[in-house]
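These are my notebook entries on a structure that I had not examined before. I set down what I looked up, entry by entry.

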Amino acid sequence: MPNFKYSVFGLDPDRTAKASGRDVRVSPKQAREVCNSIKGKMLFEAKEFLEAIVDMKQMVPYKRYKKQRGHHKGLHKWYTGGYPVKAARAILKVLDNVEGNATYKGLDTDSLRIVHAAAQRGRIIKRFMPRAFGRTSPKYKNLTHVEIVVEEERVSVE
């Protein structure tokens, strides 16, 4: 059994909650773009954003993996994007897990902000498809590791 660690450290364990999805069958490129777009948002805003992606009402701006993508109109300060529905569903499950972890720790779920959202390439499942004349073609399935960390924001009373 592998011992997975998080790529973020130095956080206050009393104010943070974290969750990860390991070996998720989504594209690492799409998962990276979705994680990049929800980083820094409040938890309820990120959930609404991901549900809008699943319903294909809002696009994710593609900032790194944007070659040979069409230009789209409804994006704010960016020109290309898409609807990564499968990645949005998988990251929505991880957000539900991190909300449950925060509730278990006694944190206020209305004041949670996503401070870390990352997606790394996982292993690749290699299969081979038989072809004509005794040949084969490779068939690869990409796996992705997704990790989300939320932090409770302190409300200053003055």
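**Entry 1. Basis.** I note that this is a predicted model, in which local features need pLDDT of at least 70 and side-chain atom pairs count only at pLDDT 80 or more, while totals for chains, interfaces and linings use all residues. Residues are numbered from 1 along each chain as its sequence is written, and side-chain values use heavy atoms, with hydrogens and water left out.

**Entry 2. Layout.** I found three helices and five strands in the protein. Helices (H or I, at least four residues) and strands (E, at least two) are DSSP runs, numbered from the N terminus. From that terminus on, I read the order of elements as β-α-α-β-β-α-β-β. The C-alpha trace spans about 75 × 45 × 25 Å along its principal axes. I looked up burial next: buried residues make up 38% of the 158 residues. Here buried means under 20% relative accessible area, exposed over 50%, and partly exposed in between (1.4 Å probe, protein chains only). I also looked up contacts (heavy atoms within 4.5 Å). Among those between residues at least 6 apart in sequence, 70% join residues at least 24 apart.

Entry 3. Two strands pair if DSSP finds at least two bridges between them.

I then followed the pairings. Strand 1 and strand 5 (residues 136–152) run antiparallel and are joined by seven bridges. Ala-19 has Ile-148 in strand 5 as its bridge partner, and Thr-16 stands opposite Glu-151 in strand 5. Between strand 4 and strand 5, also antiparallel, I recorded 16 bridges. There, His-116 stands opposite Val-149 in strand 5. Strand 4 and strand 5 form a hairpin with five residues between them, and Phe-133 in the turn has a positive phi of about 60°.

**Entry 4. Salt bridges.** How many salt bridges does a search of the whole structure find? The search finds five, each being a side-chain nitrogen of Lys or Arg within 4 Å of a carboxyl oxygen of Asp or Glu.

I examined the pair of Glu-151 and Arg-15, whose closest N and O atoms are 3.5 Å apart. Glu-151 lies in strand 5 and Arg-15 in the segment before strand 1, so the pair ties together parts that are 136 residues apart in sequence. Both residues, Glu-151 and Arg-15, are buried.

I turned next to Asp-96 and Lys-47, whose side chains meet in a salt bridge at 2.9 Å, N to O. Asp-96 in helix 3 and Lys-47 in helix 2 (residues 43–54) are 49 residues apart. Asp-96 is partly exposed at 39% relative accessible area, whereas Lys-47 is buried at 16%. I also noted a network of salt bridges that links Lys-47, Asp-96 and Glu-99.

Arg-113 forms a salt bridge with Glu-153, and the closest N and O atoms are 2.3 Å apart. This pair links Arg-113 in strand 4 with Glu-153 in the segment after strand 5, 40 residues apart. Arg-113 counts as partly exposed at 27% relative accessibility, and Glu-153 is partly exposed at 33%.

**Entry 5. The largest pocket.** Which residues lie nearest the centre of the largest pocket? They are Ser-37, Phe-49, Met-59, Pro-61 and His-76, out of 13 lining residues. Helix 1 (residues 28–38) gives the largest share of the lining, three residues. I recorded a volume of about 340 Å³ for this pocket.

A pocket is an open set of points on a 1 Å grid over the protein atoms alone, where a 1.4 Å probe fits, with protein on both sides within 12 Å along at least five of seven lines; lining residues have an atom within 4 Å of a point. Grid points are joined across faces, edges and corners, and a volume is the space filled by probe spheres set on the points.
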